Amino acid sequence: MFSAADRELMRQALALAGRGLYTTTPNPRVGCVVARDGAVVGVGWHEKTGLPHAEVLAMKEAGQRARGATLYVNLEPCSHHGRTPPCVDAIIPSGVRRVVAAMQDPNPRVAGEGFAKLRAAGIEVESGLMEEEARELNIGFVSRMTRGRPWVRMKIAASLDGRTALANGKSQWITGEAARADGHRWRARACAVLTGHGTVRDDDPQLSVRGVDTPRQPLRIVVDSRFETPLSARVLKDGKTLIAGAVDEKARMAALEKAGAETVIIPNDRGKVELLKLMEELARRELNEIHVEGGHKLNGSLLQAGVVDELLVYLAPSIIGDSGRGMFDLPELGELSQKKSLALRDVERVGADLRVVARFIASGTR
């Protein structure tokens, strides 16, 4: 049974973990608080891969005051050698009496082993406190570890009648400045920003994070079946870009690689990119969260492939009409029972616009 004090200290650990929102990838976001006799004696949070984990930093700050204390952490302490030593090896000799974790680590290399080692050393272990909040904070990491693919969040800016562009493709700007700035914060937390060849051709986006204090730019991914991305495209400048195609166009691929991009061929039987396999490839590259900013054709293809988990939709108080482009290019439905159902997660006003976060119920996480 967890106390009010336990909940407050776990809230602090989660807040510390949130400091790594933009930086920890491919590692999970983890925060840790060490408390003794009602007072916090040590805190830590994981900043980025290769640096000490949250528990190690908190134990270092606590020092001898850790003896008899309780350690609060949002994810099970690791028990294996990765880029850094196991956290349990720092916790066990510290004299900590109790460890409270929000959730078990979904990484198969840990998956309860950290808890087992702590218990074997005589440390009391409890888990499940604020588990939902902890899972949400690391939803991409959990997805990659349990499903073998990243968490895919699709961002769409549209008019109130669901139009994302004029019939000629012009879309700048449907939503206001506040919504665009908010979108950059969502970009910043992602490991990669994904778009299609058509968007690159028509809009020449940078797909970079701007206006957010982050030392890391996400990988840029272009789904481009025939490797037709212009060599002058801004996505090829000042950052890492992956072009995913379906046809072995050696000359075009060589030119793109000379321009600084990496290319990969992942075809389906229709001469297009096999999107599920692309997501599995991105997971293999240790990408946790993918932020999609594409056109209605790519959006529809991703939906049909069943790889989209969440929608991030900004609705502007305006109407474009039926001649405008929609959100998704999808085949006509014969029955309403065929519709894709969503669970609303959040609805909030951002400037003059409305931000809607909705999750596909079929993803299994509401």
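Predicted model: local features only at pLDDT ≥ 70, side-chain atom pairs only at ≥ 80, totals over all residues.
1. Overall fold. The chain is built from eleven helices and 14 strands. Its radius of gyration is 23 Å, close to the 21 Å that the globule rule gives for 366 residues, so the chain is as compact as a globular protein of that length. Along the principal axes, the C-alpha trace spans about 65 × 45 × 40 Å.

2. Burial and contacts. Of the 366 residues in the chain, 52% are buried. When contacts between residues at least 6 apart in sequence are considered, 69% of them join residues that are at least 24 apart.

3. Surface and charge. The accessible surface of the chain comes to about 17100 Å², and carbon and sulfur atoms account for 49% of that area. The side chains include 52 positive and 46 negative ones, with the centres of the two sets lying 2 Å apart.

4. The largest nonpolar core. This core has 39 residues, of which Met10, Val34 and Leu71 touch the most other members. Two or more residues each come from helix 1 (4–18), strand 1 (31–36), helix 2 (54–62), strand 3 (70–73), helix 3 (88–91), strand 4 (98–101), helix 4 (113–120) and helix 5. Among these contributors, helix 1 gives the most, with six residues.

5. Helix 6. In this helix (residues 139–147), the buried residues are Ile139, Gly140, Phe141, Val142, Ser143 and Arg144. Their cover includes helix 5 (131–137), strand 6 (151–159), helix 10 (275–284), strand 11 (289–292) and strand 14 (353–360). Just after helix 6, Gly148 takes a positive phi of about 75°.

6. Helix 11. Here (residues 296–305) the buried residues are His296, Leu298, Asn299, Gly300, Leu302 and Leu303. The elements covering them include strand 6, strand 7 (192–196), strand 8 (219–223), helix 10, strand 11 and strand 14. Just after helix 11, Gly306 takes a positive phi of about 75°.

Definitions and conventions: Residues numbered from 1 in each chain as written. Heavy atoms only, no water. Helix = DSSP H or I, 4+ residues; strand = E, 2+ residues; numbered from the N terminus. Rg over C-alpha atoms; globule rule 2.2 N^0.38 Å. Buried < 20%, exposed > 50% of the residue type's maximum accessible area, 1.4 Å probe, protein only. Contact = heavy atoms within 4.5 Å. Areas by Shrake-Rupley, 256 points an atom, 1.4 Å probe, with all protein chains shown as cover. Lys, Arg positive; Asp, Glu negative; His and termini not counted. Charge placed at Lys NZ, Arg CZ, Asp CG, Glu CD. Core = buried A, V, L, I, M, F, W, Y, C linked by side-chain atoms within 4.5 Å.
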